[in-house]
Amino acid sequence: MGPEQSLGAPLLLLLLQASMLLSLSWGDAPVLTSFLGNSLQNYTFFHTLFCQNEEPMVGLSEAFGGDQLFSFDFSKNSRVPRLPEFSPWAGDQRDIQTIDDDKQLCQSLQKALSDICEGQIPEARGNPVAEVFTQDPLEFGKPNTLICFVSNLFPPNIMVTWQHDGEPVEGSSPVFLSAVDGLGFQAFSYLNFTPSSTDIFSCIVSQEGNLFSTIAFWVPQNPIPSTLLENILCGIAFGLGILGLIVGAALIIYFRKPCACGAD
């Protein structure tokens with residue numbers, strides 16, 4: 001796409017998010033109220049819906065206190081929890097009709113505003129920044145999860161792929177998109193793995209229409225010693241301790257032994 005584009009997602013996201021934040025009451029967020037009851041006064045809940053001309057054509061994310069809780073699968077009309085801990089609240093269906101109405105409004109506004117503003121507003125794009133880290137402290141041979149965190153993302157149309165030692169890896173999670181302050185986005189992708197000392201993983205972030213990709217590498221650093229290694233080190237330390245006691249006792253006996261020199 002060229003530098004001059006239709007209005008697309010930027011202003012549309014601003015209008016919809018402002019409208020939702022003004023009109024949303026806690027009673028309109030049944031998932032959140034069932035999650036936290038009435039103790040909501042000190043936190044911010046973002047229910048952000050966006051639509052655009054690129055994939056994903058429409059998206060919805062819900063975040064609480066800056067941490068994403070759910071995305072929304074419009075093909076199944078259901079919430080998708082970002083973490084397994086959020087699964088018990090993902091099945092709430094009380095606001096599905098409202099979400100569908102918001103989707104229709106978003107797409108109608110997008111078409112109308114794009115026709116009006118085409119060629120008038122430059123397209124905004126961010127250069128994605130990616131980093132990879134483990135979910136749990138690194139321990140060789142123990143199952144873990146790699147997390148690829150992508151920030152400075154706009155518009156929210158990316159594809160995340162994984163490689164291990166230069167070869168493609170299957171089985172990664174869907175990409176979880178969420179809005180952040182400033183009308184930007186961030187994304188998470190997860191990959192389950194069992195680490196070894198020779199691993200080299202890479203998270204590759206690409207965008208449609210962009211000739212460049214962002215690549216973040218992960219190699220093992222500062223692993224926690226495994227149980228076997230801990231046992232070996234303990235055994236060596238114990239053996240050295242016993243050896244030290246024996247040598248010390250022998251030296252004490254040797255130096256306390258009376259001199260056998262004869263006297264004339």
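These legends go with a set of close-up views of a predicted model.

View 1. The strands sit in the order 2-3-4-5 and pair antiparallel. Strand 2 (45-51) and strand 5 (78-81) take the edges with a single partner strand each, so one side of each has no neighbour in the sheet. Going from one strand to the next, the twist averages 25 degrees. As a reminder, strands of a sheet pair through backbone hydrogen bonds, either parallel or antiparallel.

**View 2. Strand 3 and its two hairpins.** On one side, strand 2 and strand 3 pair in the antiparallel sense over 7 bridges, and 6 residues lie between them in the hairpin. Look for F45 here: its bridge partner in strand 3 is F64. Strand 3 (residues 58-64) is also joined to strand 4 (residues 67-73) by 4 bridges, again antiparallel. This second hairpin has 2 residues between its strands, and G65 in the turn has a positive phi of about 60 degrees. Along the pairing, A63 stands opposite Q68, while E62 has F70 as its bridge partner.

**View 3. The two faces of strand 3.** Which residues of strand 3 point one way, and which the other? V58, L60, E62 and F64 go one way and G59, S61 and A63 the other, and all are buried. In a regular strand the side chains alternate between the two faces of the sheet. With 7 of its 7 residues buried, strand 3 is largely enclosed by the rest of the structure.

**View 4. Helix 3 over the sheet.** Helix 3 (residues 96-117) lies across strand 2, strand 3, strand 4 and strand 5. It runs at about 45 degrees to strand 2.

View 5. Leaving aside residues up to four places away in sequence, C203 touches V132, C148, V160, T161, W162, T214, I215 and A216.

**View 6. The largest pocket.** What lines the largest pocket, and which residues lie nearest its centre? There are 23 lining residues, with P56, V58, F72, V175 and L177 nearest the centre. Strand 3, strand 4 and strand 11 each supply at least two residues of the lining. The space in this pocket comes to about 470 Å³.

Terms used
Residues numbered from 1 in each chain as written. Predicted model: local features only at pLDDT ≥ 70, side-chain atom pairs only at ≥ 80, totals over all residues. Heavy atoms only, no water. Pairing = 2+ DSSP bridges. Axes fitted to C-alpha atoms, helices over the stretch in contact; angles between N-to-C directions. Contact = heavy atoms within 4.5 Å. 1 Å grid on protein atoms, 1.4 Å probe; cavity = no way out; pocket = protein on both sides within 12 Å on 5 of 7 lines; lining within 4 Å. Points joined across faces, edges and corners; volume = space filled by probe spheres on them. Buried < 20%, exposed > 50% of the residue type's maximum accessible area, 1.4 Å probe, protein only.
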